[in-house]
Amino acid sequence: MSSALTWAQLRDLKCGELEGAADGWGRSSNRADAARDRIEQQLLTGLRDTQEGEAAQAAVGRLRQLGRNFQYVYTECGLLRTTLNSLAHEMRTQQRALREALDDAAALKFTVHADGSVTYPAGGEGLVDGAPLRGGTAASSGSAGLTAPSGLVAPNPHAGRAQDIADRVTGAVRAAAEIDWRYAGILRRLKAEDGLKVPASTWKDAAGDAAEVRDAAGAYLKDAIPRDASPVERRDWWAGLTQEQREEYLAVYPDQIGNLDGIPALVRDAANRDNLSLLIGKLEGRDDDKSVTQLAGLREIERQLGAGKQPPMFLLGIGDEGNGRAIVSFGNPDTSRNVAAYVPGLNTSLDKGFAEADIKRAWDTAKGAQKYDHSSAAMVWLGYDAPQFPDGFDSADVMGDERAEVGGKAFGSFVGGLVATNANEDPHVTAIGHSYGSRTVGAATQQDGGIAGVDDIVLVGSPGVGVDRAEDLGVSKDNVFVGAAENDLVTKAPSRLQGSMTAAAGPVGFVAGHLLDRGDDDLWFGKDPASEAFGARRFRTDQGPSLVTGGFDAHSQYFDVGPERDSASADNIAMVVAGQGGRVKTEEQR
């Protein structure tokens, strides 16, 4: 079709043929997805398990490249399918508007001409002789509803009706021509480069393609995504979609489906793996600090996803907003009886350090928990902007509650989604907060309804959680577990009042502030969770290196397993996650 579209062409357009073509591209997309899945789940796994040496490593590299190529085919064919379906959807809307106008014309015995003008018969009565007034022809000068009324009333009563029909016919045709022009441009740009490889530059183009199709398909798909619904409502929405609808959402909106609480873990993982490639393509070639930093983190996550770790790795969230978003689980949280989500704190952002250290903490926790109950999954949740620490201990973000409050709301929704999609009747759920992340967990417990489904809460390296008693966290105080290493100064941080007098001096002032606060059980954010006044169960940890020999290393070793690491703490956390908190080795409260 062209800009010279006629109403007859619009009337006769077979939208079903567009949808049939979309189905064909959808089948191609599904075949590519199945091929990619076979490579990743069967061929790569089998090769890694049975072969060693340079030849095997070379074969793994070639298979990964082939898998990425199939992923690109899956993405682009999926975009073509949705583009054609969205085109058919928008054209049908204009066809309905045109058909209603033509039906009205036929009922009034008006004639609609090829140019959209409408001839109407004689009607009414002349003021002088009472004879019917002459008929005429009405032509539209613009889209329906855009021409302001003149204030004059035509004597023939048919004239106004004919003008309305002419405007509606012309409006439908002009809207259809604009739709046709817009989608033709998108379809022309949806093409792959020649060759057998899909380089990073091509993924960058794919990211642009996806964004363009998302913009075009807003009314067709995006508006129906239940962003403001509860996790349970979102779960039910997804369950009620057809398979074709699900495939389209995954192809066009992997960023939204992958980060929507209440969507099943396998679906989120598939969506986020695709969005990971699109994000890498989007950031590739940028030289600003944020893009370079996040790209390094994304590439490390991509590497780990391809490494075949056990327990299996699930990507439950990924994004570049703010300081970055990433949610990584080891073990399937939808099938595991025990599910734990760990919230990191100060200085955490989507960078290579997070991808190496924080993801390893989740991995170690999952492996530890599976020693006690094989049906266990553990994850790291970076779903908020944790405070960064460039400006000293009195930084407003570090000292303030706002990021914890915002993050706590998001964390509560996420955990609600885990509970909604878990296949077990009553899964055992543990919320873990480290450092400022413990304040975020505390904030989540103070939302309406608390953290849905949480049975146990673990707080490590905590500067306080915003409440003064363990039972104020929404569970029994016996289900609140606290790890506070002797040499972790964050767990001894003074109250905000005294800390503000000394923190600006750096670590020396920080320690001095603690000394001034000796004997007090108040921290930055309320009572010391390791104190007798707070009332939680304090579990045994290694004391950690001193400030002189290890700096702040004692603050970051609670999850680590291995020589010179805090294996005592890691083992206690694993027992809580596995639902065996009664076996935790405790120590005296402060």
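Predicted model: local features only at pLDDT ≥ 70, side-chain atom pairs only at ≥ 80, totals over all residues.
The protein has 590 residues, of which 51% count as buried. Its secondary structure comes to 18 helices and 13 strands. Among contacts between residues at least 6 apart in sequence, 74% join residues at least 24 apart.

**Helix α2**

- Helix α2 covers residues 15-50, which is 36 residues.
- From its first C-alpha to its last, α2 reaches 51 Å, close to the 52 Å expected at 1.5 Å a residue.
- A kink of about 35° is present in α2, and it is centred on Ile39.
- Ile39 is also one of the buried residues of this helix.
- An α-helix has 3.6 residues a turn, so residues three or four places apart point the same way.
- The cover over the buried residues of α2 includes helices α3 and α9, the latter spanning residues 265-283.

- Val60 belongs to helix α3. With a relative accessible area of 12%, Val60 is buried, because the cut-off for that class is under 20%.
- Leaving aside neighbours within four places in sequence, Val60 is in contact with Leu44, Leu47 and Arg48.
- Val60 and Gly306 are 246 residues apart along the chain, and their C-alpha atoms are separated by 9.8 Å.
- Gln94 is found in helix α3 and counts as buried at 16% relative accessibility.
- Not counting residues up to four places away in sequence, Gln94 touches Leu10, Gly171, Ala172, Ala175, Ala176 and Ile179. One of these, Leu10, is listed with the residues that have the most contacts inside the largest nonpolar core.

**Nonpolar cores**

- In soluble globular proteins, nonpolar side chains tend to be buried together.
- The largest nonpolar core of this model has 56 residues. Those with the most contacts inside this core are Leu10, Trp237, Trp238, Tyr249 and Ile257.
- Helix α4 gives the most to this core, with 12 residues.
- Tyr249 touches Leu221, Ala224, Ile225, Trp237, Trp238, Leu241, Pro254 and Ile257, with residues up to four places away in sequence not counted.
- A second, separate core has 40 residues, including Leu283, Leu298, Ala355 and Val576.

**Salt bridges**

- The count comes to 25 salt bridges.
- Arg11 and Asp12 meet through their side chains in a salt bridge, with 2.9 Å from N to O. Arg11 is partly exposed at 43% relative accessibility, and Asp12 is partly exposed at 45%.
- Asp104 forms a salt bridge with Arg168, and the closest N and O atoms of this pair are 2.8 Å apart. Asp104 lies in helix α3 (residues 54-107) and Arg168 in helix α4 (residues 157-189), so the pair ties together parts that are 64 residues apart in sequence. Asp104 is partly exposed, with a relative accessible area of 33%.
- The side chains of Asp528 and Arg590 form another salt bridge, at 3.1 Å from N to O. Asp528 is in the loop between β12 (526-527) and β13 (537-538), while Arg590 is in the segment after α18 (567-577), so this pair ties together parts that are 62 residues apart in sequence. Asp528 counts as buried at 6% relative accessibility, whereas Arg590 counts as partly exposed at 29%.

**Cysteines**

- The count of disulfides comes to zero.
- Cys15 is buried, with a relative accessible area of 3%.

Note on methods: Residues numbered from 1 in each chain as written. Heavy atoms only, no water. Salt bridge = Lys/Arg side-chain N within 4 Å of Asp/Glu carboxyl O. Buried < 20%, exposed > 50% of the residue type's maximum accessible area, 1.4 Å probe, protein only. Helix = DSSP H or I, 4+ residues; strand = E, 2+ residues; numbered from the N terminus. Disulfide = S-S within 2.5 Å. Core = buried A, V, L, I, M, F, W, Y, C linked by side-chain atoms within 4.5 Å. Contact = heavy atoms within 4.5 Å. Expected span 1.5 Å × (residues − 1). Bend = angle between axes of the 7 residues up to and from the residue.
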